[in-house]
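Work through the exercises below with the model open in a viewer. Each task is followed by a worked solution.

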Amino acid sequence: MKKKILVMPGDGIGPEITREAVKVLEQAAQKFSLDFELVDGELGGAAIDKHGVPLADTTLALAREVDAILLGAVGGPKWDTLDPAIRPERGLLKLRSELGLFGNLRPALLYPQLAEASSLKPEVVSGLDILIVRELTGGIYFGTPRDTVILDNGERMAYDTLPYKESEIRRIAKVGFDMARLRNKKVCSVDKANVLASSRLWREVVNEVAKDYPDVELSHMYVDNAAMQLVMAPKQFDVIVTENMFGDILSDQASMLTGSIGMLPSASLDSNNKGMYEPSHGSAPDIAGQNLANPLATILSVSMMLRYTFNQLAAADAIEQAVSDVLDQGLRTGDIFSEGMRKVGTVEMGDAVVAALAKL
Ligand code: NAD
Ligand code: IPM
Ligand code: MN
């Protein structure tokens, strides 16, 4: 049956990297005889420019109807001064929330060819393969009340709220344990239970869920220590499960272990594995429109889409192999460049992955 994919390039480098990822998706579809219909939609700044809002109702309706979504990235200086309620990022958050995409998988995997590109010593990162499971629809990102108020003395004060229901913790913990079962059977739950009430509940519920997974080893770590451990000895981790904001921060940090944030894909899944797939990085306004962006995180997000939503494991594996082959050929965008390699642009990198995929 024909599957429908909504493609939302977004802003900044979004259109450039999405174009390359779509080329790879089309090549994979041809090679593995998969039938996809691609439809376009706007999100973020692109949607503000066209519809006046970062996520139009028609686009949301389309997003509900399709089988999967491929997203570039949203945001940029052009829209940074808008009312927070209609900023580009709000469109993305609304989409995650409305579609119930609570399970965010962010794998940080070091391709051996990129050991030199990491800012850490090769021996610290070689063989690195960790999965950050980030809760994506709860916590401080969505908690209310949140406001900016003027106090009696005229001083401005702003506050946010960090709520977690046990059902929200339980379902993301299960994702973490299920993923660990497919990997090295270790879960590290990251929280701030020495300070935050929400983290104390988090830890309690994760411990309860762990009882159903006696084959998986569970540890707990405070987020500040986890940040330190991630750069000191990252290979100690297998699956990290954590709340929304900690996961946002730790996944950017983990990306540098792999050479660049331009290498880190992500999947945001609901309870039926319907998903939105996007690189973990942003719209990189500083390099937008210059054919400099690394498209591999988005291309690898297509691989995750084929794996998790469409269960096309051979096609997903083939894309990962094609990326590895291109790295073997010595092709590098600027962010992963090292001595002796051949510097290429966004388009050339995408073309090379398509060619490598065709050859497999
Ligand atoms: P960013 O991830 O866009 O960029 C951080 C740095 O990484 C920049 O130096 C950028 O050039 C570099 N970089 C990012 N992706 C790259 C790639 N594919 N290839 C090479 N270099 C890359 O983060 P930022 O600068 O903090 O945010 C810029 C905008 O993106 C903001 O508006 C922010 O809100 C938005 N953002 C969106 C998403 C998303 O859509 N999921 C994620 C993060 C940030
Ligand atoms: C990400 C981004 C988003 C987040 C922003 C753009 C809302 O940083 O996908 O990691 O904080 O979740
Ligand atoms: Mn982020």
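**Exercise 1: Contacts and core**

Task: find which residues Val353 is in contact with, leaving aside its neighbours within four places in sequence.

Solution. The model is predicted. Take C-beta atoms within 7 Å as the contact criterion. With neighbours within four places in sequence left aside, Val353 is in contact with Val24, Ile299, Ala322, Val323 and Val326.

Finally, check the domains: the core draws at least three residues from each of domain 1 (1–102 + 271–360) and domain 2 (129–257).

**Exercise 2: Two ligand shells**

Task: list the residues that surround ligand 2 and sort them by class.

Solution. The shell around ligand 2 consists of Gly75, Glu89, Leu92, Leu93, Asp248 and Ser280. Sorting gives two nonpolar, two polar and two charged residues. By element, helix H4 (residues 88–98) supplies the largest share, three residues.

Repeat this for ligand 1, which has 22 residues around it. Those that come nearest are Gly75, Gly262, His281, Gly282 and Asn294. The shell of ligand 1 splits into eleven nonpolar, seven polar and four charged residues.

**Exercise 3: The annotated range**

Task: which residues does the UniProt annotation "domain: Isopropylmalate dehydrogenase-like" cover?

Solution. According to the unreviewed UniProt entry, this annotation covers residues 4–353. Over residues 4–353, the chain is 40% helix and 19% strand. The end C-alpha atoms of that range are 23 Å apart.

Terms used: Residues are numbered from 1 along each chain as its sequence is written. Chains are lettered from A and ligands numbered from 1 in the order in which they are written. This is a predicted model: local features need pLDDT of at least 70, side-chain atom pairs count only at pLDDT 80 or more; totals for chains, interfaces and linings use all residues. A residue is near a molecule or strand if its C-beta atom, placed from the backbone, lies within 6 Å of it. Helices (H or I, at least four residues) and strands (E, at least two) are DSSP runs, numbered from the N terminus. Ala, Val, Leu, Ile, Met, Phe, Trp, Tyr, Cys and Pro count as nonpolar, Asp, Glu, Lys and Arg as charged, and the others, Gly among them, as polar. Domain bounds come from an automatic or database domain assignment. Two residues are in contact if their C-beta atoms, placed from the backbone, lie within 7 Å. UniProt positions are given in the numbering used here, feature names are shortened, and annotations may be inferred rather than shown by experiment.
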